[in-house]
Amino acid sequence: MAVLAVLATGPGVVGAGPPGPGGVPVGVPSRPALDPLDLALVRGEAVFEALRVFGGRPFRLEAHLDRLAASARAIDLPLPDGLEDLAARAVAAAGGGDVVLRLICTKGPEGSGEPRRGAPVDREGSGEPRRGAPVDRDRDGGPAAFAICTDIPPSFEQERDRGLRLVLLTTATDPLVRAASPWLLAGVKTISYATNMAAQRTARARGADDAVLVGLGGELLEAPTASLWWRTGQTLFTPSLDLGILAGITRATLCDLAPTLGLKVLEGVYTAEDLLAADEAFLSSSTREIMPVVEVDATPIAGGHPGPTAATLQSALRQLAAS
């Protein structure tokens, strides 16, 4: 993965350069660095979004920023201002074109950027200090934001051509109980992805490309970094968000696109038997787009070849991005 551009803003960022309008740094002299005491490093308290940029235009940026804000509220992280401008500057610095854009927002060192003792906080809305509430700026640092542009791995197209082999991995948890426990952060996109990466390593160790996480009762959930789909006849099936899975931006886009292609979408609680009986299956994500699935636990799907609907949806997604 080649890093094409890195921009950052926030009082705890080293090498961020002098702030410009809206707090966005200008003239960054070197790659900015994170404060080593930032809670992103110490506790994993940070949120992020990753999305595709087509021809210099971030796809569904507003939806990603909305989800970023929702994730930030879930961990009481006050987002810095100017994120959209920061993203635009990073894309421009990367030369535009087709890239992957990542936005990462961290809390800063413990205690920094928090309301002073007794200052009112908007717990019902943003989770940030209410307008006019004093904020403790005496301590070093504070919330920081990074916008990073990287190239698109050529492996994405290779995997799309041949299709993915998946394995099912249990989470040993009841997804409905987890979803009803907000302190477990179900569906919140934080940087704490160690278990997701462990699942992908386990899948590769078993000779597969990726995994599908499964609940204690056999409920199909999601892949570590993607949403799960399959088709039977003219109906697309995908696990319900009520199971505490991530509300994928591309997932939502496909829900909108499907009816225009004569497809019905059903969200619900499903098991491996439903998936294995499908006419075809695929994953969706903002960075990898549509990825056909040709095998699950060594059982071929759709005869072991990428299915036609995945290709149709991939084409429709690209057309939408170009419009």
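Which side chain does Glu-157 meet in a salt bridge? The partner is Arg-160, with 2.8 Å from N to O. Keep in mind that what you're looking at is a predicted model.

How covered up are the two partners? Glu-157 has a relative accessible area of 37%, so this residue is partly exposed. Arg-160 has a relative accessible area of 10%, so this one counts as buried, the cut-off being under 20%. The pair also belongs to a network of salt bridges that links Arg-52, Glu-157, Arg-160, Glu-289 and Arg-318. Across the whole structure, a search finds 13 salt bridges.

## Asp-209 and its two arginines

Now look for Asp-209. One of its salt bridges is with Arg-162, where the closest N and O atoms are 3.0 Å apart. Asp-209 counts as buried because its relative accessibility is 17%. Arg-162, at 40%, is partly exposed.

Asp-209 also forms a salt bridge with Arg-165, and here the closest N and O atoms are 3.3 Å apart. This pair links distant parts of the chain too: Asp-209 is in the loop between helix 6 and strand 9, and Arg-165 is in strand 8 (residues 164-170), 44 residues away. Arg-165 is partly exposed, with a relative accessible area of 31%.

Next stop is helix 3, made of residues 83-93, where Leu-83, Leu-86, Ala-87, Ala-90 and Val-91 are buried. Why do these buried residues line one face of the helix? If you look down the axis of helix 3, they fall within an arc of 135 degrees, so they share one face. On the other side of helix 3 you'll find Glu-84 and Ala-92, which are exposed.

What do the buried residues of helix 3 pack against? The list has strand 1 (3-9), strand 4 (46-54), strand 5 (57-58), helix 2 (61-74), strand 6 (99-106) and strand 7 (144-150). Just after helix 3 comes Gly-95, which takes a positive phi of about 90 degrees.

## A cluster of rings

Time for the aromatics. A pair of aromatic rings is described by the distance of the centres and the angle of the planes. The structure holds six aromatic pairs. One of them is Trp-230 with Phe-237, a stacked pair with 6.1 Å centre to centre and 15 degrees between the planes. Trp-230 counts as buried because its relative accessibility is 1%. Phe-237 is buried as well, with a relative accessible area of 17%.

Phe-237 has another ring partner, Tyr-270: the centres are 5.5 Å apart and the planes are at 85 degrees, so this pair is edge-to-face. Phe-237 is in strand 11 (residues 235-239) and Tyr-270 is in the loop between strand 12 (264-268) and helix 8 (272-276), so the pair links distant parts of the chain, 33 residues apart. Both Phe-237 and Tyr-270 are buried.

## Leu-236 and its contacts

Leu-236 is also found in strand 11. With a relative accessibility of 0%, Leu-236 counts as buried. Leaving aside neighbours within four places in sequence, its contacts include Trp-229, Trp-230, Ala-258, Leu-263, Val-265, Phe-282 and Leu-313. Leu-236 and Cys-255 are 19 residues apart in sequence, and in space they are 9.0 Å apart, C-alpha to C-alpha.

## A nonpolar patch on the surface

Finally, head for the outside. Leu-37, Leu-41 and Val-42 form a nonpolar patch there, with about 310 Å² of accessible area together. Val-42 lies in helix 1, residues 39-42. Is Val-42 buried or partly exposed? Its relative accessible area is 46%, so Val-42 is partly exposed.

Definitions and conventions. Residues are numbered from 1 along each chain as its sequence is written. This is a predicted model: local features need pLDDT of at least 70, side-chain atom pairs count only at pLDDT 80 or more; totals for chains, interfaces and linings use all residues. Side-chain values use heavy atoms; hydrogens and water are left out. Buried means under 20% relative accessible area, exposed over 50%, partly exposed in between (1.4 Å probe, protein chains only). Helices (H or I, at least four residues) and strands (E, at least two) are DSSP runs, numbered from the N terminus. The arc is that of the directions from the helix axis to the C-beta atoms. Contact means heavy atoms within 4.5 Å. Rings of Phe, Tyr and Trp (its six-membered ring) pair if their centres lie within 6.5 Å; planes under 30 degrees apart count as stacked, over 60 as edge-to-face and the rest as tilted. Patches are made of residues with over 30% relative accessible area and no salt bridge: like charges are joined within 9 Å, nonpolar side chains (Val, Leu, Ile, Met, Phe, Trp, Tyr) within 5 Å. Accessible areas come from the Shrake-Rupley method with a 1.4 Å probe; for residues, only the protein chains shown count as cover. A salt bridge is a side-chain nitrogen of Lys or Arg within 4 Å of a carboxyl oxygen of Asp or Glu.
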